[in-house]
Amino acid sequence: MKFRNIIFLSLSILFLFSCSMTKKLEKQLIGKYVVKMIKTEPEKQDDEAYLKIMEGLLNGSYINFKADKTYELSIVGKIRKGTWRFSDDGKSILTDKDGFYFNIVNFTENNLELKSFNNKKNVLLFLEKVSG
């Protein structure tokens with residue numbers, strides 16, 4: 001009986017900690033990020049011509065994570081909207097679109113690197129926070 005109580009208490013503490021962790025991450029994430037770079041094919045990612053083309057295409061691209069848990073993503077003029085939430089472990093940003101989510105590669109106060117998964121394609125996004 002004592003063992004059950006210890007396990008229950010441990011799981012309760014773990015659950016409360018994970019909830020507070022995701023709340024902190026949510027507050028940190030909220031804001032608008034401009035897309036600085038997208039990498040898709042490793043063999044082309046350092047090619048200067050490729051980088052120039054991508055820079056031009058990405059001009060004006062952004063993702064805005066809002067406090068009401070909605071987002072707006074604009075890439076190359078195409079806008080996608082929906083809702084977002086963190087995964088239980090805080091390592092992914094999940095959306096309401098089936099099969100569309102982001103794994104967090106790096107997350108600092110001003111920069112965010114996300115690996116985007118969309119219909120079996122994965123893309124690495126380099127983002128810079130501009131407001132929030």
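Two strands count as paired if DSSP finds at least two bridges between them. Helices (H or I, at least four residues) and strands (E, at least two) are themselves DSSP runs, numbered from the N terminus. Everything below comes from a predicted model, in which local features need pLDDT of at least 70 and side-chain atom pairs count only at pLDDT 80 or more, while totals for chains, interfaces and linings use all residues. Residues are numbered from 1 along each chain as its sequence is written, and side-chain values use heavy atoms, with hydrogens and water left out.

**View 1. The hairpin of S4 and S5.**
Start with Phe86, whose bridge partner in S5 is Ile93. S4 and S5 pair in the antiparallel sense, over three bridges. Five residues sit between the two strands of this hairpin, and Gly90 in the turn has a positive phi of about 75°. Look also for Lys91, in the loop between strand S4 (78-86) and strand S5 (92-95). Is Lys91 buried or exposed? At 57% relative accessibility, Lys91 counts as exposed (buried means under 20% relative accessible area, exposed over 50%, and partly exposed in between, with a 1.4 Å probe and protein chains only). Leaving aside neighbours within four places in sequence, Lys91 is in contact (heavy atoms within 4.5 Å) with Phe102, Asn103 and Ile104. The C-alpha atoms of Lys91 and Leu25 are separated by 9.9 Å, although these residues are 66 residues apart along the chain.

**View 2. The hairpin of S5 and S6.**
Now follow S5 on to S6: the two strands run antiparallel and are joined by three bridges. Here Leu94 has Tyr101 as its bridge partner in S6. Four residues lie between the strands of this hairpin, where Gly99 takes a positive phi near 80°.

Side chains of opposite charge can pair when their charged atoms come close. A salt bridge here is a side-chain nitrogen of Lys or Arg within 4 Å of a carboxyl oxygen of Asp or Glu, and the count comes to four salt bridges. In one of them, the side chains of Lys69 and Glu26 meet at 2.9 Å, N to O. Lys69 lies in the loop between strand S2 (62-65) and strand S3 (70-75) and Glu26 in helix H1 (residues 2-29), so the pair ties together parts that are 43 residues apart in sequence. Lys69 is partly exposed at 27% relative accessibility, whereas Glu26 is buried at 11%.

**View 3. Glu128 and Lys36, another salt bridge.**
The closest N and O atoms of Glu128 and Lys36 are 3.8 Å apart. Because Glu128 lies in strand S8 (residues 121-131) and Lys36 in strand S1 (residues 31-39), this pair ties together parts that are 92 residues apart in sequence. Glu128 is partly exposed at 32% relative accessibility, and Lys36 is partly exposed at 47%.

**View 4. The largest nonpolar core.**
A nonpolar core is a set of buried Ala, Val, Leu, Ile, Met, Phe, Trp, Tyr and Cys residues joined through side-chain atoms within 4.5 Å. Which of the 20 residues in the largest core touch the most other members? They are Leu29, Tyr33, Phe65, Ile93, Leu112 and Leu127. The elements that give two or more residues to this core are H1, S1, S2, S3, S4, strand S6 (100-107), strand S7 (111-118) and S8. Zoom in on Tyr33: not counting residues up to four places away in sequence, Tyr33 touches several residues, including Phe65, Phe107, Leu112 and Leu127.
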